[in-house]
Amino acid sequence: MAIRVLTVEDDERIRASVKLALEDEGWIVDEAPTGEDAIAIFQSTPADVVLIDIMLPGIDGFELCRTIRKLSDVPIVMVTARIDTHDVVAGLEAGADDYLTKPFAPKELSARIRALLRRVRPSAPGHSKLVFGNLEIIPDEGKVTLGGKDVPLTKTEFRLLCELAHDPNGVFSREVLLDKVWGHGYFGDGRLVDVHIRRLRMKVEVDPAEPTHVVTVRGLGYRLQS
Amino acid sequence: MIPAPQPPRPPRYRRTRARRIIRNTARALLPRRIGLRHRILISFGAGAMILSGVLAITTYGFTRSSFVQQRETAEINQAFANAKRVQTDLLANSADVIGALEQFGSAQRLLFSNGVWTSNSKGFTQADIPTALKTRVVTNLKAANMIIDHGTNAALIVGIPLEKAHAFYFELESLRETQDALRSVFIALMLSGAIATAVGIGLGLLVSGRTVRPLVQAAQAASAIAEGRFDTRLETTQDRDLEMLTTAFNDMVATLQTRVERDARFTSDVSHELRSPLMTLAASAQVMHSRRDELPERSQAALDLLIGDVTRFQGLVEDLLEISRFDAGAIRLINEPLALLEFVRQAIAVSSLPRTDVIFAAGTDQILVQGDKRRLARVFANLIDNARIHSGGKPKIIIQFADDDPTKSRVWVIVEDDGSGLIDGEEEKIFERFSRGGSAGQRAGSEGAGLGLALAAEHIALHSGSIWAENRRDGIRGARFIVDLDVFIQAQPVDAAQLSTEASS
């Protein structure tokens, strides 16, 4: 099935050119010039990926991010003007899964989107359920429970958790996680990992300040343990 | 009408010349390199010294003259009285000269009578009397007095002709007590002069400290502002004179702050404005590129030109924006520890010559540096671009510890080429903005806006490192660019067993 992308961008010419480029990939592109329009369109025809420009008239990109996040676990790619501003972290905190800085090559955008839509690796036979103490992961069903209760994770958070769960007690560096989860090379932004780990902890830890499952291995990376 | 001839102007050079002399003297006495604090100190000290000196000299002069005069008058009167008595005695008994001299008082006396000198004391002889005095008394028959040095002390000699007794009476009175008293006064005055000078210097210290303090504060504030802390202000003061400085300074900073903020805003506005059309251009060009084969040959050529220049334009805009961010002090590095060798290899991989060789010295493969990996990668990409465009040859990268640092706390990443090398004096110029190196004509219009090296220099400066260019030292023609960075840490060998098996895949 064709991937459906919703692009939220106030510049009509950018919207049109991005639409042309993404349609070349064989995808369906919905367009929204404002956040308000985007919410309306998303509610009527949910997209597989949402592309949001931070600088929007009316409700801004951060607000739109939070609103869509409340509605869905859909991957969100945010477009910012600069890489070293607070915008990046603020956008990730608002619920974005990845970001791009303007001007970006449409090829790069489609690569990012493909990475975010990658399926979780199929679990090894006989390992359909991964257990880490009170945390249980069922990769094939996309389900996570903490103490028996369902934990709602976004698609990216889920893939990150599965990546960590794939090698219990193995330590994953930020670079490896960037590669496996986001498909970024060496020059990917480590803050993506950090913010997502923080968000993951809010959901799968009893006390996110004292993580027992998703632990930091100083100087090396992260590890999932029971 | 012919104007009446102007009367010649009175010469004015005299005043200016006098002024020049004063100025030159002052300059010679107080050279410029003496600081304000010391100048105030010297002025106060010298002022106090001169003032107390003048006071002491006058005081001493007055004291001395009134003291000595008084004493002299008393002595002279006494001498006249004594002379009278001696004369009376001599008239009564002219033979007993000694008796006449010794009968009273402690003064040393000398009598010249009938060609014979008679003294009542061994310490006072004819030789002690200066000739001038002797002439005046004996020849001119006039009473006279004179102060002489007598032994170690001053003494007053009074000479009186005793006309009735046909004799001449001389009396010598030591002025030692007077002298002692004067010496005490002198010492007291010297002491008080010294104290006054010391107090002057002390006051000078106090005043100079107070005068310089606002200047020091202003200087500190100015350097804080230079470092980008534009919210720095001078404390307001009650002092009217200082208030002028404070107000003017704070106004200046406020204006500067507004301007810098406006520039920064301008940067971000420009960034948005330029990026949007570029975005459209890049996306549209890509769409056309994916249909390149469907286009006629001439359109294909045009499209290739278009795509090439869109890319170039993107790079130029990125460079310009980055440079203007430097100027606005708006760069925030995203620093993290980087394994240097791995980082350099990755940076090369995304550069325009991804197959560039890396040679590393023993031990440098364990080095971590602290840096913003994307910005540092730009530095090496720009250096490789520079080598590629300007040398036309194949550059190589060498990682080694700094030559001049045996502690191995600094590392050099050297980009070396085998091009034509650097022309004398070009070493620094090439880091200037829009500089294209010595043989600009040959390269102009080919590639690069001449911002690459300027940007590299700014990035390296932000990383507290340094960058410079020189000709190769191994005798082969070519240039080398050295990036000098602090070693953040010598990595400990990682426990491989602990790392995920995924990590090694």
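Across which strands of chain A does helix α2 lie? The legends below take up this and other close-up views of a predicted model.

**Figure 1. Helices α2 and α4 against the strands of chain A.** Helix α2 (residues 35-44) of chain A lies across β1, β2 and β3 (49-53) of that chain. Its direction is at about 160 degrees to β1(A). Helix α4 (residues 86-93) of chain A lies across β4 (76-80) and β5 of chain A, and runs at about 160 degrees to β4(A).

**Figure 2. The five-stranded open sheet of chain A.** The strands follow the order β2-β1-β3-β4-β5 (chain A) and pair in parallel. At the edges stand β2 (28-32) and β5 (98-101) of chain A; each has a single partner strand, so one side of each lacks a neighbour in the sheet. On average, neighbouring strands of this sheet are turned by 20 degrees against each other, direction ignored.

**Figure 3. Pairing of β1 and β2 in chain A.** Strand β1 (residues 4-8) of chain A runs parallel to β2(A) and is joined to it by five bridges. Arg4(A) has Ile28(A), in β2(A), as its bridge partner. Strands of a sheet pair through backbone hydrogen bonds, in either a parallel or an antiparallel manner.

**Figure 4. Nonpolar cores.** The largest nonpolar core holds 68 residues, of which Val50(A) and Leu161(A) touch the most other members. When neighbours within four places in sequence are left aside, Leu161(A) is in contact with Ile137(A), Val144(A), Leu153(A) and Leu200(A). Another core, of 38 residues, lies apart from the largest one and has among its members Val369(B), Val379(B), Leu485(B) and Val487(B). In soluble globular proteins, nonpolar side chains tend to be buried together.

**Figure 5. The side of chain B that touches chain A.** Contacts link 30 residues of chain B with 27 residues of chain A. On chain B, α6 (240-290), α9 (373-391) and α13 (501-504) each supply at least two residues of this side. The most comes from α6(B), which gives 14 residues. By class, this side of chain B has eleven nonpolar, 13 polar and six charged residues.

**Figure 6. Helix α7 of chain B and the residue Gly329(B).** Helix α7 (residues 297-327) of chain B has 31 residues, which at 1.5 Å a residue should span 45 Å. The C-alpha atoms at its ends are 45 Å apart, in agreement with that expectation. Just after α7(B), Gly329(B) adopts a positive phi of about 65 degrees.

Terms used: Residues are numbered from 1 along each chain as its sequence is written. Chains are lettered from A and ligands numbered from 1 in the order in which they are written. This is a predicted model: local features need pLDDT of at least 70, side-chain atom pairs count only at pLDDT 80 or more; totals for chains, interfaces and linings use all residues. Two residues are in contact if their C-beta atoms, placed from the backbone, lie within 7 Å. Helices (H or I, at least four residues) and strands (E, at least two) are DSSP runs, numbered from the N terminus. Ala, Val, Leu, Ile, Met, Phe, Trp, Tyr, Cys and Pro count as nonpolar, Asp, Glu, Lys and Arg as charged, and the others, Gly among them, as polar. The expected span of a helix is 1.5 Å times one less than its number of residues. Two strands pair if DSSP finds at least two bridges between them. Axes are lines fitted to C-alpha atoms, for helices over the stretch in contact, and angles run from 0 to 180 degrees between N-to-C directions. A nonpolar core is a set of buried Ala, Val, Leu, Ile, Met, Phe, Trp, Tyr and Cys residues joined through C-beta atoms within 7 Å. A residue is buried if 20 or more other C-beta atoms lie within 10 Å of its own, exposed if 12 or fewer, and partly exposed in between; C-beta atoms are placed from the backbone.
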